[in-house]
Structures are given as C-alpha cells and as structure tokens.
Amino acid sequence: MKGIGSVEPYIEVQKISFLRGHRSIFNDLDLSIPKGKVTAIMGPSGIGKTTLLKLIGGQIKPSSGRVLIDGVDLNTLKRRELFEARAKMGMLFQSGALFSDLSVFENIAFPLRAHTKLPEDMIRDVVLMKLHAVGLRGAWDMMPSELSGGMTRRVALARAIALDPELIMYDEPFAGQDPIAMGVLVQLIRLLNDALGLTSVLVSHDIAEALSICDHAIIIADGRVIGAGSPAELKRNDSPLVKQFVNGLPDGPVPFHYPAGDYRMDLLG
Amino acid sequence: MFSINQGWRYSVLDFIRKTGRTGLDYSSSVGRSGLFLLRAISGLPLSLDGLSLLATQIYKVGVLSLIIIVVSGLFIGMVLGLQGYNILIDYGSEQAVGQMVALTLVRELGPVVTALLFAGRAGSALTAEIGLMKATEQLSSMEMMGVDPLRRVIAPRLWAGFISMPILAIIFSSVGIFGGMLVSVDWLGVFEGAFWSNMQSSVDFSEDILNGLIKAVVFGLVCSWIAVFQGYDLVPTSEGIGIATTKTVVYSSLSVLSLDFLLTAVMFGGI
C-alpha cells in the first residue's frame, strides 16, 4: 500500500465490499493500517467510517473480501474465539457507551472481571491506575449519568485500555467536545499510543485535530480510498477531491447541492 | 411522470415486489429469532456471577410485577365470585361457586391474564431496556470487549421471565380464589364449608393445576422470548424503540390468546 513505507501492517482490509440494504457502502476497498502508529481514517459524513470500524472489529461481516488483524481473519473464527480475539482490541464509541447501571469503577472493572481471574484488590489497583491515566481517579464512584460529555469519553477510554489491548479504535473521538476536552483527548490518544505501544485507528472528520496527531492518514470517499499517506503528504496531494476535503472547501468534486432537477423549472413549474 | 397505463403497471409490480419483500423479511426474522432463542437459552452462565445476574433479573421481572398481579388477581376473583353467584343462584346451586371460581382461574384466567399483564408490565420494560442499551451502543461495546451480550444481557432476562411467569400465575390464581371467597362467602353468604369442599372435590391436580401450569410455562417462554428478541433486533432509534415496545405487547397478547386456544383444545378438548 502506498504511504505506509516499511512499517509492517497490523490491519489489512482486502477487497471489502459491503451493502446496506441496496446501497453499496464499500466497493472493493483496500487499505492497510501500520503497526504501532496512529492512523486517521477521514472522509465526508455518511461514507461508512463507523461501518469500517465495525468490519475491523468483526461486528458485521462484509459481503465479500476479508479483513486481517495481525494476520487473522476474524470472520473465520467461531463465536467464542471471536470474543476472545476481541479482548486484544479496545474501542471508544462515539457516545462513550458506558453501562448506565454500573458506576465508573465497575464500568472499568467490567472487562477485567470478564477476562481475568484477578483478585479484587488487584482489580481495584488496575482500575485506579487506568482512571489516573485519563485524569479521573477522583470520579471513580460517580454514575455515568453524572459525568459530562468529555468525562464520559475519558472514562470510556480508560475502559477501552483496561485489558492493555494491542489495537484501539476511536469512533469520532472529537465530535461534540469543547476545546479543552478536545485538547485533552488529542493529547491522551497520542500519549497512550506511544506509552502503551498500541496501534491506534481513529475515524474522524475533524481534519485539523486528526491530522495534528496522526502518523498516517487515509481519506475515503465514494466507497474507496482517494488518498493515503502522512499528513504532510496529504497536504501536498494534487487530487481535487483530497484538496477539497483537507482544506474544507464547501464546493468542489463533492458538490454543495444534493442532485436535483433544474432550479428554474422547480420554481416556475 | 408515468402515463396512466404505465402507472397502473408500476403499482402492480410494486405491490408484488413489496409483498415478496415483506415475506422474505418475515421469514428471515422468524429464522433469526429461532437461532437467537437457542443461543440465549443455552447461554446462561452457570457460575456464581451468572446466578447473581439471574437473581437480579428475577427481582426486576418477577418481584416488581407482583403488585399488578396481586391486585388484578384479587379483583378478577371477586368479579368471578359475584357473577358466578348471580348465575348459579338461579339454579339453586350457589354452593358450587367455589368450584367455578377455582376452575376458571386455574385452567384459564390465571395463566392467560397473568401472561397478558406480564407482557404489558415486564415484557415492554425488557424490550425498552434492551433497546436502549442497543441504541446507546452498550451492546456493541460489550461485544467489542469480548463479552457476549447474548450470555450477559439476554440469557438472564429470558430465563428470569421463564421462571417468574409460572410463579406469578400461581400467585394470581391463589389471590383470585381468595377474592372469590371474600365476595361469595363473606359478603353474599355462601356456606364456607361448601365453598371449599366443592372446590376440593372438583379440582384435579394433574388435569387442572398441572395443565394450567404447563400453559403458564409456555406463555412465560413465549412472552419473554418475544420481549428480548424485539429489544435485541430493533432499529436503534427512539422511534424504533417505540415500535418494538408496541410490537412486544401486541405479539405477546396475540400469541398468548391463540396458543391458549390450541393448548386448551389439546388438554381439555378431547383431541
């Protein structure tokens, strides 16, 4: 794949096609995500970025093609093996997706209790360490309904790294965050990736933030990759579509107007 | 756009297409719900953790439904006592009111009304709860943490409904018989000895009580199955949750009433 250089790929998406109803979301999509780096997947709204994360996590199956995670095709695994393989992945959902009936502490302890047989005092220590890493050790006994949007996402991040995963996926981590919360998240994503030796994939359309922290970026439009490479390479890219997206221009190859008939005819009949 | 002729042809084709699509959607949903039931039934974790999840759900589904079950049972029993007395007195056999109240409750009204109330009180709550967990991505996040929501969320709820329903039906019938006694014995003056002895001599354990219990078990399974499946399979939007909750109550009620006829025909109809 272009742009990932000599780094070995952690995720390989090979000729994926995916239909939702009759609408084709991806058509023979190919991409690779390098190991140990922060990769940003960007693209206009509604082109299936979240769907792509779900395909990578094996939550939905492609109609054709395959996804290899560290050389393993999740879709060939049995249900139980698939759930075991997922213990090596963390995912931060757009809404945080904290369990609303459990406290912050219990939310983070949940994956630990499910996958390890650690004694209770050790679980307590691990949970407090993860909470400390996202700066919310003091909020351990709060309920999810008492947290602000930014705090919810940080708790969800602590839960996603509870099992020390190899891969962490972020679904629109910056959407709807105030500037301070956004700054905190940007810093955390970078820091956690480097400190824990993770492979991070983030899906976003906040171009400035995403480009500021990623090592590698992929732009998807019309169900295919239209540009990939380091942030600097993308900014130099000549393709009009990539230019429009990176610079946030309102009109270009992606038109401002949704396809419609002649304007004059519509008004005058 | 279309000429009249083309429009007519188009709407016929569209009708056929839509009918086919509905049929396909329906069959696939039946298949999915069947597989879902098998997985959920076999998925209950038999550990201490699993049992504590089950106990929590039995509390939510069963214990919290007690008030509506007890109050409805009492009133239905009282109405049965009153109506039974008024009809039987014309034949001079008002002593048989105990037998009538008990048989009506144990064979029919106990399981059926409990199931209908259960679908409205507990079934709709189960669907809405699971649906909201799906809409807020809690089920997805559980999957991504390598925990199967079918085992963790669905199985305890399904089993809780399955276990609670027969117990609720027994409570309903008992309270109903007590209500019938209050009206006919304490109010209308039926001789208490006759009330109880007539009941005792005419209610058969295997034919009446056991058959009533079998009905309650079947209704419990069907109602909980419909409730958890509708919650798990819904379109994760606020509108989707509303539709699924309504579906739970409608499908459960229709299934209970039609299954009741089938079961009654098999058990008491001499087939």
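Modeller: The largest pocket has a volume of about 2,200 Å³. A pocket here is an open set of points on a 1 Å grid over the protein atoms alone, where a 1.4 Å probe fits, with protein on both sides within 12 Å along at least five of seven lines. Its volume is the space filled by probe spheres set on the points, which are joined across faces, edges and corners.

Colleague: What are we looking at, and how are things numbered?

Modeller: It's a predicted model, so local features need pLDDT of at least 70 and side-chain atom pairs count only at pLDDT 80 or more, while totals for chains, interfaces and linings use all residues. Residues are numbered from 1 along each chain as its sequence is written, chains are lettered from A and ligands numbered from 1 in the order in which they are written, and side-chain values use heavy atoms, leaving out hydrogens and water.

Colleague: Which residues lie nearest the centre of the largest pocket?

Modeller: B:Arg32, B:Lys134, B:Tyr232, B:Asp233 and B:Leu234, out of 50 lining residues; lining means an atom within 4 Å of a point.

Colleague: And which helix gives the largest share of that lining?

Modeller: α1(B), with 10 residues. Helices here are DSSP runs of H or I with at least four residues, strands are E runs of at least two, and both are numbered from the N terminus.

Colleague: What about the second largest pocket, what volume does it have?

Modeller: About 1,400 Å³. Its lining has 49 residues, and A:Phe110 is among those nearest the centre, along with B:Met142 and B:Arg152. α2(B) gives the most, 7 residues.

Colleague: Switching topic: in what order do the strands of the open sheet in chain A run?

Modeller: β2-β1-β4-β5, with antiparallel pairing; two strands pair if DSSP finds at least two bridges between them. The edge strands are β2 (23–34) and β5 (72–73).

Colleague: Which helix packs on that sheet?

Modeller: α1 (residues 49–56) of chain A, touching β1, β2 and β4.

Key. Contact = heavy atoms within 4.5 Å. Axes fitted to C-alpha atoms, helices over the stretch in contact; angles between N-to-C directions.
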